[in-house]
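Welcome! Please take a moment to look over the sequence and the model before reading on.

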Amino acid sequence: MPTETSAPTPPDSPGTSARAAATAPGRAAAPPAVPAFDHPPAPAPARLTGRARLILFVLCAAQFMVALDFSVLNVALPVLGEDLGMSRSALQWGVTAFALPSGGFLLLFGRIADLYGRRRLFLTGLAVFGSASLLATLAWSPEVFLAGRALQGLGAAVIVPTGMSLLTTTFPEGPQRDRALGISGTLLSLGFTVGMVLGGVMTDTLGWRSTMGLLAVAAVLVLALAPGLLPESRTPERPRLDVPGAVTVTGGLLALIYALSTAAERGFGGADVLAALGAGVALLVAFAVVESRSAAPLVSLPMLRRRTVAWGNLGGLVTFSMMSTVVFVLTLYFQETLGLSSFETGLVFGFQGVMSVVAGMLAPRVIGRLGARRTLVGSLLGQGVFTAALLGIGAASGVLLATVAVSLASMCHLGAIISYGLTVTSGVPDGEQGLATGLVTTTQQVGLTIGIPLLGVLATTHGGLYDGVRLVLAADAAIVVAVALLVAAGLRGRRAA
């Protein structure tokens, strides 16, 4: 993995040195930060120990649980709405109420975890998520259900960045971290797919409340295992929390996510959508100004100027947003154009999930051979090409082509997820891992949130559904390929920043 270093190393040489990070330009005077363990960690063995496997299991289980929450409720919304008396226009808030806090508060909680303890905040997030899932399970009115979903999103905003930063500080850079991020990325993508299949089965057999109850049980199980396994870690310094930065970035993200989520239902012409878009952009511009003047910024602008951070996150944003859009429009195509049942549609996405697992197993080896940057670019190109292959689907047939093409696109998508996470976090000191992983996970959550509003709405508003699906797939493929070329150009060169 390439890092910032003055040595003339190739741009994609696999493997990095701790010394390279410690002697990078601009950080020479400061000793490398380490987590606040009782003793500095010893050099990592080649294979994971039994305890390391358990830690990885707990952290990945939490990430899988949050990814599951993004999709498990989707197919249950019509039944849920009828049960609770929610109008069709109000059903979108079952998703939006979760997406708003889960995307809006990620950076803030990632930084708080750096300062006050990642393990402590991770456990708190699990408790909030589990309690909120129970509230949503028992909801007796739309207001109570939406409150539970919003609290779930808040818990997820704590779990995701703290879990990722615990992973990157527990598993040192190199083969162990590559493997850990590979497993985590696989489960993240698999959780989204499994949620779609599992949500339909559970709703049909046990009712919609079982989908929320499953998440409550999962949170309790992870919370029972985590305290005895996870080490505490935080930055050795205790700078002030950047409150103005936290307010502006959180407000900006909340406004943008609200606008895009609402536009998916009612279009971009509504006054509230336009006002939210304007407020979101204004707040994010204010955030950039605040950070440039802050003594202890929430987001380090020099970090954002690193090529690996800026271009890696762009690749991550596109791979998440565009793949979630593909899954959304194919669900419409299978069920409304081809007339497949929910179970048959689930089988297609189940096969896609299996191939994602295979990709997660292979990706660390590919990254070890090619380097994370080349893997990221190649994976994005592959995702775009196989998405373009979906244009061959017909109005009366196309299940086989769609199954093969979306599975291959998902394999490339997994390669992009894992390699972009490694690209962004490589060479970042442990004391800034919460910031780096906060950016990574914000990219993930925002990507999952904005793809469908930006493109998916075209499938239902431009002509017939079949023509709309093809329009979305064409635009999706073009965006992914274009960004792959941009990322390739942006990461070219020997310096990472």
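This is a predicted model: local features need pLDDT of at least 70, side-chain atom pairs count only at pLDDT 80 or more; totals for chains, interfaces and linings use all residues.

Here is a short tour, from the whole chain down to a single residue.

## The chain as a whole

The protein chain contains 20 helices and 0 strands, and 56% of its 497 residues count as buried.

Taking the contacts with a separation of 6 or more, 83% are between residues 24 or more positions apart.

Among the buried residues of α20 are Leu465, Gly468, Val469, Val472 and Leu473. Further along, Asp476, Ala477, Val480, Val483, Ala484, Val487 and Gly490 of α20 are buried too.

Sorted by class, the residues of the contact between α14 and α20 comprise 18 nonpolar, 4 polar and 3 charged.

## Helix α16 against α20

How do α16 and α20 lie relative to each other? Their axes come within 8 Å and cross at roughly 160°, and the two helices are therefore roughly antiparallel to each other. Here, too, the crossing is left-handed.

On the α16 side, the residues that meet α20 are Leu376, Val377, Leu380, Leu381, Gln383, Gly384, Val385, Thr387 and Ala388. They face a set in α20 that includes Leu473, Asp476, Ala477, Val480 and Val481. By class, this contact has 14 nonpolar, 3 polar and 1 charged residues.

## Helix α16 against α17

Helix α16 (residues 372-389) also packs with helix α17 (residues 399-425). The axes of α16 and α17 come within 8 Å, with a crossing of roughly 160°, so this pair is roughly antiparallel as well. The crossing of α16 with α17 is left-handed.

Residues of α16 in this contact include Ala372, Arg373, Thr375, Leu376, Ser379 and Gly382. From α17, the contributors include Leu401, Ala405, Leu408, Cys412, His413 and Tyr420. The contact of α16 with α17 divides into 13 nonpolar, 9 polar and 1 charged residues.

## Helix α12

Helix α12 runs over residues 271-293. With 23 residues, α12 reaches 33 Å from first C-alpha to last, close to the expected 33 Å at 1.5 Å a residue. Its buried residues are Val273, Ala276, Gly280, Phe287 and Glu291.

## A closer look at Val446

Is Val446 buried or exposed? This residue, located in helix α18 (residues 433-456), has a relative accessible area of 13%, and since buried means under 20%, Val446 is buried.

Which residues touch Val446, leaving aside its neighbours within four places in sequence? They are Leu253, Ile257 and Leu317. Val446 and Leu317 are 129 residues apart in sequence, yet their C-alpha atoms are 7.3 Å apart in space.

How values were computed
Residues are numbered from 1 along each chain as its sequence is written. Side-chain values use heavy atoms; hydrogens and water are left out. Ala, Val, Leu, Ile, Met, Phe, Trp, Tyr, Cys and Pro count as nonpolar, Asp, Glu, Lys and Arg as charged, and the others, Gly among them, as polar. Axes are lines fitted to C-alpha atoms, for helices over the stretch in contact, and angles run from 0 to 180 degrees between N-to-C directions. Helices (H or I, at least four residues) and strands (E, at least two) are DSSP runs, numbered from the N terminus. Angles under 35 degrees count as roughly parallel, over 145 as roughly antiparallel, 65 to 115 as roughly perpendicular and the rest as oblique. A crossing is left-handed if the near helix is turned anticlockwise from the far one by less than a right angle, and right-handed if clockwise. Contact means heavy atoms within 4.5 Å. Buried means under 20% relative accessible area, exposed over 50%, partly exposed in between (1.4 Å probe, protein chains only). The expected span of a helix is 1.5 Å times one less than its number of residues.
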